[in-house]
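User: Could you walk me through reading aromatic contacts in a model like this one?

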Amino acid sequence: MKSLLKIIFRYSVTAGVIIFAMLIFNVAAFMYWGYRTIKSDTNAKFSRGAIEEIGQELYQEDGRWEITGSGIEKMKNMECQWVMALDDQGRVVWDWQLPEDFALSYSLKDVAVFTRWYLHDYPVAVWQSGDLLLVVGLDKETYMRFSELFPRSNVDGIPAYLRLAFTVNTVLILFFVLLLGYRFYKALKPIGKGIEKLSRQEPLQLKEKGMAGDLAGQLNRSSSVLQKQKEMLSRRDQARTEWISGVSHDIRTPLALILGYSDRLKKEENLSGDAKKSAEIICRQSLIISQLIDDLNLTSKLAYQAQPLKKFFCSPAQLLRECAADIYNEEIPEEKSKETEIELYISPEAEKVKILADEGLLKRALRNLIGNSVRHNPEGCHVDICLGCRNGQVFWKIFDTGKGIPEVVVQNMDTQTEKVHIMGLRLARQIARAHGGDLAFCKRETGTYDVEVFLPVS
């Protein structure tokens with residue numbers, strides 16, 4: 001949590017610095033524009049210096065104020081509309097091109113108003129020249145009057161300046177957004193790759209620097225812990241597999257002796273009927289133990305991908321028939337053969353289809369599933385097996401008239417528990433998944449389940 005807060009803090013500080021810098025930039029640009037606007041009149045035809053020069057050209061002769069020819073030329077060059085000079089009493093003592101409707105005397109109030117704003121809609125410029133107040137009328141279409149005099153071209157250009165400022169600011173914002181986004185992406189890209197590696201349980205060693213340095217350090221430490229756990233689990237699983245394989249090997253020898261002696265005893269003519277029956281039971285149960293040992297060894301290898309698949313094209317219909325025959329011959333006692341029936345329903349399409357599979361493993365899965373229906377219904381039952389094709393898959397559906405698969409078995413398929421012993425079902429599902437298929441349960445109205453195995457058609 002601290003690492004994330006640190007990243008957010010750094011990102012926020014960087015964004016704040018950029019926003020502050022842009023604000024300073026905009027203020028500086030505005031002040032520079034205002035300064036250039038105010039000073040631009042020095043390069044224009046009208047300027048305060050020019051007014052001062054006009055005032056210097058005024059002279060008094062025989063009690064009258066006149067202006068030199070040079071002064072008239074300067075007024076024309078300034079494109080003045082009119083010019084007048086006021087004495088201390090506000091009277092017009094000299095004028096040039098003054099409109100006829102203009103007054104020839106002005107009070108202090110009038111002077112204060114037109115000095116700051118307009119006189120008869122003319123923007124004016126005022127300058128003191130000796131004892132006179134020189135008032136210059138400017139072109140209405142060229143100048144506007146505010147607290148300062150601005151050329152109208154500058155005022156008319158304000159929208160263009162605003163558009164330019166908006167464009168520049170937008171470009172800068174986009175640039176910094178992309179820059180920050182790239183830096184953020186560059187800082188978090190190794191973190192994202194590291195998380196992907198962790199999900200695949202691969203070793204990880206990120207550089208612990210930059211904005212996401214703390215997160216990288218935490219991922220490195222997590223990777224180290226996970227690698228140690230992975231190594232310990234691998235050693236444990238290897239030991240478990242070797243132990244199961246060793247126990248299976250050690251049990252096979254005495255079990256083979258039991259099978260041999262029980263088979264010999266049930267064929268002994270001198271034994272009573274009960275003794276032969278007991279020998280048959282011992283032989284049959286020994287075969288079941290042998291199959292359980294093989295299942296235990298096989299499920300352990302499948303769980304750790306240690307069982308290679310020997311895939312060849314085979315007929316699922318033929319596999320089903322062979323499995324049903326094996327169940328009849330090996331798992332159904334003669335006295336129960338009438339009560340237990342296995343009936344096959346094979347569609348014409350499934351009769352012709354071929355699949356790429358490990359024939360031995362598929363037969364093991366089907367025998368386990370069919371055998372479950374036989375073993376868990378000792379009073380006998382009718383087992384129906386449907387083989388068909390749908391959606392590019394071949395399926396075997398096994399359902400019987402017996403008890404069915406309990407809910408507790410279905411709920412504990414993925415958990416190890418002492419409540420149920422379902423190694424045969426788990427092995428069948430492992431085999432199906434190893435072939436790219438799966439095992440599913442079909443619920444009955446009674447609340448128990450039947451089972452279905454489906455595999456892709458090659």
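Analyst: Let's start with burial: phenylalanine 102 has 5% relative accessibility, so it counts as buried (buried is under 20% relative accessible area, exposed over 50%, partly exposed in between, with a 1.4 Å probe and protein chains only). A word on the source: this is a predicted model, where local features need pLDDT of at least 70 and side-chain atom pairs count only at pLDDT 80 or more, while totals for chains, interfaces and linings use all residues. Residues are numbered from 1 along each chain as its sequence is written, and side-chain values use heavy atoms, leaving out hydrogens and water.

User: How many aromatic pairs does the structure hold?

Analyst: Rings of Phe, Tyr and Trp (its six-membered ring) pair if their centres lie within 6.5 Å; planes under 30 degrees apart are stacked, over 60 edge-to-face, the rest tilted. The structure holds 5 aromatic pairs.

User: Where do phenylalanine 102 and tyrosine 122 lie?

Analyst: Phenylalanine 102 is in the loop between β4 (92–96) and α4 (108–116), and tyrosine 122 is in strand β6 (residues 122–129), so their pair ties together parts 20 residues apart in sequence. Helices (H or I, at least four residues) and strands (E, at least two) are DSSP runs, numbered from the N terminus. Ring pairs also link Trp82, Phe102 and Tyr122 into a cluster.

User: Which residue lies over the face of tyrosine 122?

Analyst: The test is NZ of Lys or CZ of Arg within 6 Å of the ring centre and within 35 degrees of the ring normal. Here, lysine 140 lies over that face, 4.4 Å from the ring centre.
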